[in-house]
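Hi everyone, thanks for making time. Let me put it up on the screen.

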Amino acid sequence: MASIRFQGVVKRFGTTEVIPPLDLVIEDHEFVVFVGPSGCGKSTLLRMIAGLETATAGELFIGERRVNSVPPAQRDISMVFQDYALYPHMTVRQNMAFGLEMRNLPRAEIAERVDRAARMLQLEALLDRRPKALSGGQRQRVAMGRAIVREPKVFLFDEPLSNLDAKLRGQVRAEIKALSQTLRTTMIFVTHDQVEAMTMADRLVVLEAGRIQQVGTPEAVYEQPANRFVAGFIGSPSMNFFPASLKDGVATLADGTRLALPGCVDHDAVTIGVRPETMLPVPAGSPGLVVGIDLVEPLGSDTLVHFRCAGTGYVARVPPETRPRPGDTLTLGIDPARVHLFDPDTGVTLRHR
Amino acid sequence: MERPAWLRLLTVVQLGIIGIVILAPLGWMVLSSFKSSQDVTAYPPSLIFAPTLDNYVHLLGTTPFIDYARNSLIVTIGSTVLGIVLGVPSAYVVSLTRISWPALLTLAARMAPGTLFLLPWYVMFRELGLIGSYWALILTHAVITMPIVIWVLLPSFDAIPRSVLEAAQVDGCGIIRSLWRIALPLVSAGLVVASILAFVFSWNYFLFALVLANSETKTLIAAAFNFVGEGSTDWGGLMAAATLIALPPLLLAAAVQRWLISGLTMGAVKG
């Protein structure tokens, strides 16, 4: 069990700086998810913790130990790879035992730990098979088993669910979360999928272009995004952004719709952020955004309505009983209390909710 | 897809021509080794003759053929093992680091004509007192075997997913253990191919043995040269010797044919 501390860590590949100076503390026992679009540096951060990449500058601590020049073998971490990276020439049992053999554990203890992990992951029947004879989901489990038996200080997961089909992904997601509650070990999980991020994390680290955009609980990141990037990245479908001007507590959108936002400071130009689930249909004639429906996506539990406003496409999530149809006109009420304001130039949040 | 008949015919003709070019000299060699001295030099050569073992009896009776064969085995096995011991880790590191110039250098050394090295080596080995020793031949033949091992194994090592080797690192392997426990078992087919090719090339290499060996350590192939005399050549004896010399590589290749083909094409397509 251990905390992890980045102090001014920089990573350059040649002359390309993928991680500008970065500070971050991950507490003991915490389940932290690094989330961001591909190329944001989240995997590089994880690989630096694993020791598979070395920091160009700065200091990295696992517990109280500075690990900059410690090889992966001596960091007491285990990692689940995106493609599982099982040893093809070894059986499931040998795959799981390998890391323990490398640490010269007594045979009896190796056998016991492998059996326990196999029971936990329901792999008992597969122990003598080779990876080739396993399905994707089974391989994924073996990769987890190989990580668990080591009983490391830190677990690292590098997009371990991206090669699974949707149904299995949801199942394994729940299993990993349950596992984290059983094992109470520090876990770091990398994903580009914001649903995975939201559902699993104690804390999210949202990254873009190697920079931390926001660190916080999923609720905090969702409800109080630090900037427009985070607001747009977290939440599905994405938050809607309307360019507007603000004067005397009234916002005017590009299509002329006026929206009362009492208590807001005047701005010539501002970006208004509204989550799709907070735009609800109201009777025609009520104050709100009058839109023509382009496209309807029924999800069962609710329905996504696509519309355009001043040339830009937006989405609202409405109750299914509304039964909207393409071509219909709909009035969407916007709750002033749940509107976000962003600076249109810097993207910084001006006001939450 | 069904190919047109003329294309299939062309393929057969092409394979036939290649087969004849490769097999005819071999056939000639084997047949000649069973001919009497009159038949060997007969013109035109006859396909029907009274076969005789005289050449073999004469060869084994009058020359230390068995001693030469032992020399050849010692040198070939020694240089093949040395080539593997040096070449396997080299190929692994080249594959990991993508620093390929050292591998290119060994290839260049392999491509350069052997005569280029001969004089400096002769001087060096004389200073070391190694002329006529097995070591002189094993070391020089490693120049033949090591590049083969490196270049046959490189694509096999490259075909191992990086994440598998990284997983081994995280699991506690240093580079040597990851080679020994993970990478090497995964390239075993390539290793067999590399060993056989190295064995064959070393077995057949002529020049270094001619100069650096003495009468005690001479290899078969260099000894066979003795049959070519200044005035007359014992063609029957030479062909008998050549047939016996060609046997071990042929038997080896036949024994592991299937691996040989899969190993040579490995890395070309992802398995």
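Let's start with a pair of strands: S1(A) and S4(A) run antiparallel and are joined by 5 bridges. Within that pair, Ile4(A) has Ile62(A) in S4(A) as its bridge partner. Strands here are DSSP runs of E with at least two residues, helices are runs of H or I with at least four, and both are numbered from the N terminus. Two strands count as paired if DSSP finds at least two bridges between them.

Before I go on, some housekeeping. This is a predicted model, where local features need pLDDT of at least 70 and side-chain atom pairs count only at pLDDT 80 or more, while totals for chains, interfaces and linings use all residues. Residues are numbered from 1 along each chain as its sequence is written, and chains are lettered from A and ligands numbered from 1 in the order in which they are written.

Okay, back to the sheet. S1, which covers residues 4-13 of chain A, also runs antiparallel to S2(A), with 7 bridges joining them. Look for Phe13(A) there: its bridge partner in S2(A) is Thr16(A). On to S4(A) and S5(A), which pair in the antiparallel sense over 2 bridges. Phe61(A) is partnered with Arg66(A) in S5(A). S4(A) and S5(A) make a hairpin with 2 residues between them, and Gly63(A) in the turn has a positive phi of about 65°.

Contact means that the C-beta atoms of two residues, placed from the backbone, lie within 7 Å.

Zooming out, chain A is assigned domain 1 (4-233) and domain 2 (240-351), with bounds from an automatic or database domain assignment. The contact between them takes 6 residues from domain 1 of chain A and 8 residues from domain 2 of chain A.

How do the two chains meet? The contact takes 17 residues from chain A and 14 residues from chain B. On the chain A side, strand S6 (77-80) and helix H2 (92-102) each supply at least two residues. The predictor gives the complex an ipTM of 0.86 and a pTM of 0.83.

Chain B has 14 helices and 0 strands. Its C-alpha trace spans about 70 × 65 × 30 Å along its principal axes. The mean pLDDT of chain B is 87, and 93% of its residues reach 70 or more; pLDDT is the predictor's confidence in each residue, from 0 to 100. Over residues 266-271 of chain B, though, pLDDT stays under 50. Where pLDDT is low, the predicted coordinates should not be read in detail. That's my tour, thanks!
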